[in-house]
Amino acid sequence: MSEASGASPLGGRRLLVVSTNYAPELTGIGPYAAQLAEHWAASGARVRALTGMPHYPSWRLEDGYRGVWRTVEIRGGVGVHRRRHYVPPRQTALKRAAFEASVLATGLVAPPPGRPDAVISQMPTLAGGVIGARIARRHRVPHIPVVQDLMGAAAAQSGIRGGGRAAAVAAAAERYALRGAALVGVIHESFVPGVRALGVDPGRIRIVPNWTHVQGPTADRATTRARLGWPETTPVILHSGNMGLKQGLEVLVDAARLAPDVRVVLMGDGNQRDALRARAEGLSNVDFLEPAGAEEFTDVLAAADVLAVTQRASVLDMSVPSKLTSYFTSARPVIASVADEGGTADEVRRSGAGVLVAPEDPAALLEAVRKLSEDPAAADALGAEGPRYVARHLSREAGLARFDALLAEVLPDTRGSRRR
């Protein structure tokens, strides 16, 4: 539940959520961190969030936060403590290390005041997990890190320059953050072997999938296509979200070059956007859109014929894109250009809402697009499985309940017994 009804077992509990990303960021883990913190605040807990300045997915500080070093906001009943950090416009191992180091330094030097009863940290950033572990150990309270990405594996698999040298350092930081945790949450079972390899007892690992944090489409699909300038007779394949190295979005630009009758739409931002624009120079069938606002986001997704999730062939067990939860909600078929043995492929297969093609293979991707565009009934049937999968497994209520269960394990009196 998202609001307290009567006396809440969380009433008066002091919880600290550590997440480098937070609302008003609309993509990535920011929405999950904010909805989780606000859910606990509505349940009667006293919740603080330690986070950075909004910068994702553009990797540029949002207007209004430039020049700000420290600030405290109240959002949804949560005290949001923001700390300034370095934001690299382009990703290399060295720049990523500087980003992590700056987040770590400002978070440890100026944490929110007071002693929490538990610390929950989000770990697509190493610094978030290390900060959470340090604060929890300082106050001798439980720490629950949630693994959204395995950064050691990411450094090795994503293709970032200097990533091989960074992998060992990243794995050491992950080991520090995870080994002393009361429980470790992972968003997909494909992460479990990697977390176990870092020294975590499998008995302390819990699966806590991300939930769908957006509403379903409401606008007329034809009207949205007309507004966006997409002819009804032109197949449109859309990718939404971060434009980074691990996404391997070059495959979509190369597919557009092979098929002038197919429109490729890249909606979002990221440190590879400029490079992708340069690669697409001269192609009239590639569009770059700014991230859609929350009120129209799924309407734009639903207006496309096919939604794409792409990853470099080397990406196996380090990431399961959060965009899939929004894709499934939109009721359009998904084409996943990803490694067959990875967690992303597992999730698409499980949903029944899409098809898999070989990664970094524009011809294979195009073949799948054409098959779906030539058989609209089959495409609609695939797309219809997405909302069904969301209803069964990815609802917000189910996702938040899993986190309530984690707190109940580490703070037993949240079940209703006496406080210690």
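Modeller: Before we talk holes, some terms: on a 1 Å grid over the protein atoms alone, a pocket is an open set of points with protein on both sides within 12 Å along at least five of seven lines, while a cavity is a set where a 1.4 Å probe fits but cannot get out; a lining residue has an atom within 4 Å of a point. Bear in mind that this is a predicted model, where local features need pLDDT of at least 70 and side-chain atom pairs count only at pLDDT 80 or more, though totals for chains, interfaces and linings use all residues. Residues are numbered from 1 along each chain as its sequence is written, and side-chain values use heavy atoms, with hydrogens and water left out.

Biologist: What volume does the second largest pocket have?

Modeller: Grid points get joined across faces, edges and corners, and a volume is the space filled by probe spheres set on the points. For the second largest pocket, that comes to about 700 Å³.

Biologist: Which element gives the most to the lining of the second largest pocket?

Modeller: Helices (H or I, at least four residues) and strands (E, at least two) are DSSP runs, numbered from the N terminus. The lining has 38 residues, with Pro24, Glu25, Leu26, Thr27 and Ala292 nearest the centre. Helix H1 (30-42), E9, strand E10 (263-269) and helix H10 (297-303) each supply at least two of the lining residues. The top contributor, with 4 residues, is H1.

Biologist: How many nonpolar residues are in that lining of the second largest pocket?

Modeller: Ala, Val, Leu, Ile, Met, Phe, Trp, Tyr, Cys and Pro count as nonpolar, Asp, Glu, Lys and Arg as charged, and the others, Gly among them, as polar. The pocket lining has 12 polar and 12 charged residues, and its nonpolar count is 14.

Biologist: Where does Pro24 sit?

Modeller: Pro24 is one of the residues nearest the centre of the second largest pocket. A cis peptide bond joins Ala23 to Pro24, with omega about 20 degrees. As for its place, look in the loop between E1 and H1.

Biologist: And which residue is joined to Pro57 by a cis peptide bond?

Modeller: Pro57 lies in the loop between E2 and E3. Omega is about 10 degrees for this cis bond, and the partner of Pro57 is Tyr56.

Biologist: Which element supplies the largest share of the lining of the largest cavity?

Modeller: The structure holds 1 cavity of 30 Å³ or more, and the largest has a volume of about 80 Å³. Strand E2 (46-51), helix H2 (93-109) and helix H3 (126-139) each give two or more residues to its lining. Of the 13 lining residues, Leu50, Thr51, Gly52, Val103 and Ile131 lie nearest the centre. The largest share, 3 residues, comes from H2.

Biologist: What is the bridge partner of Ser121 in E6?

Modeller: Strand E5 (residues 118-122) runs parallel to strand E6 (residues 143-147), and 4 bridges join them. In E6, Ser121 is partnered by Pro145.

Biologist: What is the average twist in the sheet of 6 strands?

Modeller: That open sheet has parallel pairing in the order E11-E10-E9-E12-E13-E14. Its edges are strand E11 (286-289) and strand E14 (354-357). From one strand to the next, the twist averages 25 degrees.

Biologist: Which residue is the bridge partner of Leu307 in E13?

Modeller: Strand E12 (residues 306-310) and strand E13 (residues 334-337) pair in the parallel sense over 4 bridges. Within E13, the partner of Leu307 is Val334.

Biologist: At what angle do helix H13 and helix H14 pack?

Modeller: Axes are lines fitted to C-alpha atoms, for helices over the stretch in contact (heavy atoms within 4.5 Å), and angles run from 0 to 180 degrees between N-to-C directions. Leu372, Ser373 and Glu374 in H13 meet Pro376, Ala379 and Leu382 in H14. The axes of H13 (residues 362-374) and H14 (residues 376-393) are 5 Å apart, and the angle is about 105 degrees.

Biologist: Which word describes the direction of H13 relative to H14?

Modeller: Angles under 35 degrees count as roughly parallel, over 145 as roughly antiparallel, 65 to 115 as roughly perpendicular and the rest as oblique. H13 and H14 pack at about 105 degrees, so the pair is roughly perpendicular.

Terms used. Pairing = 2+ DSSP bridges.
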